[in-house]
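Subject: Structure handover

Hello,

Here is the structure we spoke about. Please open it and keep it beside this note.

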Amino acid sequence: MIKALIFDFGKVLVDYDFAHIIDPLFDNEEDRQEFYTFFASLEFINELDREVTPFIDIIRRKQQEYPKYTEQLQVFFDKYVDFVTGEVPGMKLLLKELKASGYELYGLTNWSSKVHQVMKNYDIFDLLDGQVISSEVHLLKPEPEIYEHLLEKFDLQAEECVFTDDKAINVEGAAKVGMHGIVFQDAAQYVHELKSIIEQSA
């Protein structure tokens with residue numbers, strides 16, 4: 001029986017777009033592409049999301065490594081919250097309905113400490129009963145330890161949970177610890193797949 005529904009944040013509860021703020025800072029395509037080779041790299045993203053050292057210290061180090069992009073990195077830091085473009089359509093109403101139906105709602109996200117500023121701006125996060133944030137536990141999806149930490153923190157049974165993420169690899173990580181999973185596309189697709197899981201688990 002399904003009792004708890006767990007949601008990734010980015011591209012599931014809220015959407016984001018770096019390009020609309022970062023791209024105008026470049027005068028030529030070559031510099032823009034070079035910047036994105038490290039800015040969009042998994043190594044850099046994971047370092048920010050794990051945040052073993054403070055976010056600002058990571059940015060300062062990158063500014064020293066790439067002095068020609070000092071301005072872009074500073075804008076990235078200063079306007080971070082503006083990268084989030086809004087709540088994913090249909091999800092707030094859906095979470096309200098699921099909560100009213102008796103399901104426990106939790107968040108599990110790979111996100112830096114800047115996420116707290118985002119959460120203050122969007123009340124969809126108020127619907128969650130709790131969350132685990134990678135930068136606070138220094139663990140990342142799809143590492144099994146982060147899913148196990150969530151289960152232990154909220155006294156959840158894996159087989160009673162449905163985890164939802166826009167990245168298949170993270171859903172696969174949840175499955176390895178015994179959770180059901182949905183690779184998120186949109187609210188309608190989520191509802192369709194959730195109903196199937198609930199029926200099979202009844």
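Predicted model: local features only at pLDDT ≥ 70, side-chain atom pairs only at ≥ 80, totals over all residues.

Residues are numbered from 1 along each chain as its sequence is written, and side-chain values use heavy atoms, with hydrogens and water left out.

Start with helix α4 (residues 55–65) and helix α5 (residues 70–78). Helices here are DSSP runs (H or I, at least four residues), numbered from the N terminus. The two pack at an angle of about 170°, their axes 9 Å apart. Axes are lines fitted to C-alpha atoms over the stretch in contact, and angles run from 0 to 180 degrees between N-to-C directions. So α4 is roughly antiparallel to α5 (over 145 degrees).

Who meets whom? On the α4 side are F55, I56, I59, R60, K62 and Q63; on the α5 side, T70, L73, Q74, F76 and F77. Contact means heavy atoms within 4.5 Å.

Now α5 itself. Q72, L73, V75, F76 and F77 are buried there (under 20% relative accessible area, 1.4 Å probe, protein chains only). The buried residues of α5 pack against α1 (19–22), α2 (29–39), α3 (42–50) and α4.

Last, the rings. The structure holds 29 aromatic pairs. Rings of Phe, Tyr and Trp (its six-membered ring) pair if their centres lie within 6.5 Å; planes under 30 degrees apart count as stacked, over 60 as edge-to-face and the rest as tilted. F76 and F83 form a tilted pair, at 5.6 Å centre to centre and 35° between the planes. F76 is buried, at 2% relative accessibility.

Best wishes

Conventions
Parallel < 35°, antiparallel > 145°, perpendicular 65-115°, else oblique. Buried < 20%, exposed > 50% of the residue type's maximum accessible area, 1.4 Å probe, protein only.
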